[in-house]
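Here's a quick briefing to read alongside the structure. Have a look at the picture first, then work through the points below.

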Amino acid sequence: MIPLESIAIFFAASVALALAPGPDNIYVLTQSAIQGRAAGLFVTLGLCTGLLVHTAAVSLGVAAIFAASAVAFNVLKIVGAAYLAYLAWQAFRAGASDLMQNRNVAIRSRHLYARGIIMNVTNPKVAIFFLAFLPQFADPSRGSLPLQMVFFGMIFIVAALLVFGSIAWFAGLLGERLGKSERAQIILNRVAGTVFAGLALRLATAER
């Protein structure tokens, strides 16, 4: 049985980590401001689905491969950086009319959800972070370590949902006000493109 005190400390740490500026919450922020609250929430669901993958990887020991293998780490980070660069290119070439069309396409939600998953899963830093963070709260005397990893991983996902969901909500409100201006829409898209390009560069130059 995991003590409530340990759970509370882990949850508080998870909230603080989710609030810290990083690729995931910045992506939620930009997409919510550009495409609305619903878009940000679908991205959030995608990112948290990606966290399920990382939780499973840590529980099964797969994440250790990325911590130990330079090749595996570099391949995954190149894929992730390339995807971010693609998102940057899309943002730079989009105009105000493109944004308005995106708001009205039902299939957009699936694309945003998939983007969130891809962004999270292809970031090897998240896998290594989980590998370093989750075991600190596990204790062999409490039973199965893999099950404890899964339990703490789910708590982290709940914290991420609350934080990212809040970011999506408030950024979406701001975006709705700015969305009445075509110029503001274009500026938001250029800002998003710059953010994606910066994140791509940051990931491409990341070290284990």
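**Pocket and helix packing**

Sorted by class, the residues lining the largest pocket come out as 17 nonpolar, 6 polar and 3 charged. Keep in mind that you're looking at a predicted model.

**The largest pocket**

- The volume of the largest pocket is about 600 Å³.
- Its lining is made up of 26 residues, and the ones nearest the centre are Gly 22, Pro 23, Asp 24, Asn 123 and Val 126.
- Which element gives the largest share of the lining? That's α8, with 4 residues.

**Where α3 meets α8**

- Helix α3 covers residues 37-60, and its axis comes within 9 Å of the axis of α8.
- The two axes cross at roughly 50°, so α3 and α8 count as oblique to each other.
- As for handedness, α3 passes α8 in a right-handed crossing.
- On the α3 side, the residues in contact are Leu 51, His 54, Thr 55 and Val 58. They meet Val 126, Ala 127, Phe 130 and Leu 131 of α8.
- By class, this contact has 6 nonpolar residues, 2 polar ones and no charged ones.
- Val 126 turns up in both topics: it is among the residues nearest the pocket centre, and it is also one of the α8 residues that meet α3.

Notes: Residues are numbered from 1 along each chain as its sequence is written. This is a predicted model: local features need pLDDT of at least 70, side-chain atom pairs count only at pLDDT 80 or more; totals for chains, interfaces and linings use all residues. Side-chain values use heavy atoms; hydrogens and water are left out. On a 1 Å grid over the protein atoms alone, a cavity is a set of points where a 1.4 Å probe fits but cannot get out, and a pocket is an open set with protein on both sides within 12 Å along at least five of seven lines; lining residues have an atom within 4 Å of a point. Grid points are joined across faces, edges and corners, and a volume is the space filled by probe spheres set on the points. Helices (H or I, at least four residues) and strands (E, at least two) are DSSP runs, numbered from the N terminus. Ala, Val, Leu, Ile, Met, Phe, Trp, Tyr, Cys and Pro count as nonpolar, Asp, Glu, Lys and Arg as charged, and the others, Gly among them, as polar. Axes are lines fitted to C-alpha atoms, for helices over the stretch in contact, and angles run from 0 to 180 degrees between N-to-C directions. Angles under 35 degrees count as roughly parallel, over 145 as roughly antiparallel, 65 to 115 as roughly perpendicular and the rest as oblique. A crossing is left-handed if the near helix is turned anticlockwise from the far one by less than a right angle, and right-handed if clockwise. Contact means heavy atoms within 4.5 Å.
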